[in-house]
Amino acid sequence: MKENKNNSSEVAVKAHKKSFWNTLNDNKTLLLMCLPPIIFFIVFCYCPLPGVYIAFTNYNFRDGIFGSPFVGLKNFEFLIKSGQLWHLTKNTILYNLVFIILGNVFQITIAIMLNEIRNKWFKKVSQTIMFLPYFISTVLIGAITFNILNYDTGALNTVLRELGGDPVKIYSMAGVWPFIIVFCQMWQQTGYGSVVYFASICGIDSSMIEAAEVDGAASWQRIRYIILPCLKPTFVILLLFALGGIMKGNFGLFWNLVGNNSQLFETTDIIETSVYRMMMSQNNFATSSAVGLYQSIFGFTLVMLSNWLVKRIDPDYALF
């Protein structure tokens, strides 16, 4: 009896091994396609993980990462007591919330509008025009903005002077820059983001829309009762991914628009720009690493909580 049991277990193990390698062989094309992103994440996300230890040390070049004096949570304590961490967190989260809410609203609206266009030529031209800003560098966006808004030779102040008005010092008015930054972000990202929703609309079963048209449903009724509910899974997944990066700002956009202008830090300073200044001006690796670690832990916790909440409401829409 024992021999039979041992033989059956050995056969089961061999069958499992065989099925595993067969599965790999059957999906080798997909695995090869996944290989570049897997290597990317291993090299740039997992290999640098030991460097997190810098956040708990008084880092210096002579002793290196693991030889520098261990200071525990003093780097985090400094950030909290200075009040800088709360200010940076607030600005970063508020900007990203606006980007997520307005971005998804505009993207869904544009995708639906494109879907309602019947002229194929006009639809393709419209898509191309809206898609182009995504490929424009943030450096160029910053240069265009500066040439429009700068005090001495900017297009805006030139027009105001020609009309007999007083020029405006936009680069010293912190209150207007959140609107400028949000506008630039929407202008650059909306066209690209709408492609995902437009692809989801194209994947909707056409028989449902045709049946609604036969029943006399107007365009708004088709949008409200068919298209928008079908976009819900896509919206939830993109929202969860976006929440994971809610603590990560668009450094390129903020830095090229604002630069190192201390007059605007009150409303435009985010975690990435602050860390960059720490590194460039103070060579403060330890505090910068502490901010980065705080940023990652906050984002990870938020994704887990959001996914748990979605799973409680509707498990089909959860990431895992």
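Phenylalanine 254 is buried, with a relative accessible area of 2%; buried here means under 20% relative accessible area, exposed means over 50%, and partly exposed lies in between, computed with a 1.4 Å probe on protein chains only. The structure is a predicted model, in which local features need pLDDT of at least 70 and side-chain atom pairs count only at pLDDT 80 or more, while totals for chains, interfaces and linings use all residues. Residues are numbered from 1 along each chain as its sequence is written, and side-chain values use heavy atoms, with hydrogens and water left out.

Phenylalanine 254 is placed in helix α12. Helices are DSSP runs of H or I with at least four residues, strands are runs of E with at least two, and both are numbered from the N terminus. Apart from neighbours within four places in sequence, phenylalanine 254 is in contact with Tyr95, Phe99, Ile181, Gly259, Thr268, Ile270 and Thr273, where contact means heavy atoms within 4.5 Å.

The buried residues Leu253, Phe254, Leu257 and Val258 belong to α12. Their arc around the axis is only 95°, which places them on the same side of α12; the arc is that of the directions from the helix axis to the C-beta atoms. As a general rule, an α-helix has 3.6 residues a turn, so residues three or four places apart point the same way. The partners against which the buried residues of α12 pack are α5 (84-116), α7 (138-149), α9, α13 (265-268) and α14 (271-282). Just after α12, glycine 259 adopts a positive phi of about 70°.

**Helix α9 against α12**

Helix α9 (residues 177-202) packs with helix α12 (residues 251-258) at an angle of about 130°, their axes lying 11 Å apart. Axes are lines fitted to C-alpha atoms, for helices over the stretch in contact, and angles run from 0 to 180 degrees between N-to-C directions. The two helices α9 and α12 are therefore oblique to each other: angles under 35 degrees count as roughly parallel, over 145 as roughly antiparallel, 65 to 115 as roughly perpendicular, and the rest as oblique. The crossing of α9 past α12 is right-handed; a crossing is right-handed if the near helix is turned clockwise from the far one by less than a right angle, and left-handed if anticlockwise. From α9, Trp177, Ile181, Cys184 and Gln185 take part, and from α12, Leu253, Phe254, Leu257 and Val258. This contact of α9 with α12 has seven nonpolar, one polar and no charged residues, with Ala, Val, Leu, Ile, Met, Phe, Trp, Tyr, Cys and Pro counted as nonpolar, Asp, Glu, Lys and Arg as charged, and the others, Gly among them, as polar.

**Helix α9 against α11**

Helix α9 also packs with helix α11 (residues 219-244), at about 135° and with axes 10 Å apart. The pair α9 and α11 is therefore oblique as well, and its crossing is right-handed. Val196, Tyr197, Ser200 and Ile201 of α9 meet Ile227, Leu231, Thr234, Phe235 and Leu238 of α11. By class, the residues of the contact of α9 with α11 are seven nonpolar, two polar and no charged.

Isoleucine 201 lies in α9 and counts as buried at 3% relative accessibility. With neighbours up to four places away set aside, isoleucine 201 is in contact with Ala111, Ile112, Asn115, Ile227 and Leu231. Threonine 190, another residue of α9, counts as buried at 7% relative accessibility. Beyond four places in sequence, threonine 190 touches Phe106, Gln107, Ile110 and Gln185. In helix α11 lies cysteine 230, which is partly exposed with a relative accessible area of 29%.

| Residue pair | Separation along the chain | C-alpha to C-alpha distance |
|---|---|---|
| Isoleucine 201 and isoleucine 112 | 89 residues | 7.8 Å |
| Cysteine 230 and serine 200 | 30 residues | 8.0 Å |
| Phenylalanine 254 and glycine 142 | 112 residues | 8.8 Å |

**Helix α4 against α15**

The axes of helix α4 (residues 74-82) and helix α15 (residues 285-313) come within 9 Å, crossing at roughly 80°. Helix α4 is therefore roughly perpendicular to α15. On the α4 side, Asn75, Phe76, Phe78 and Leu79 meet Ala286, Thr287, Ala290, Val291, Leu293 and Tyr294 of α15. The contact of α4 with α15 comprises eight nonpolar, two polar and no charged residues.
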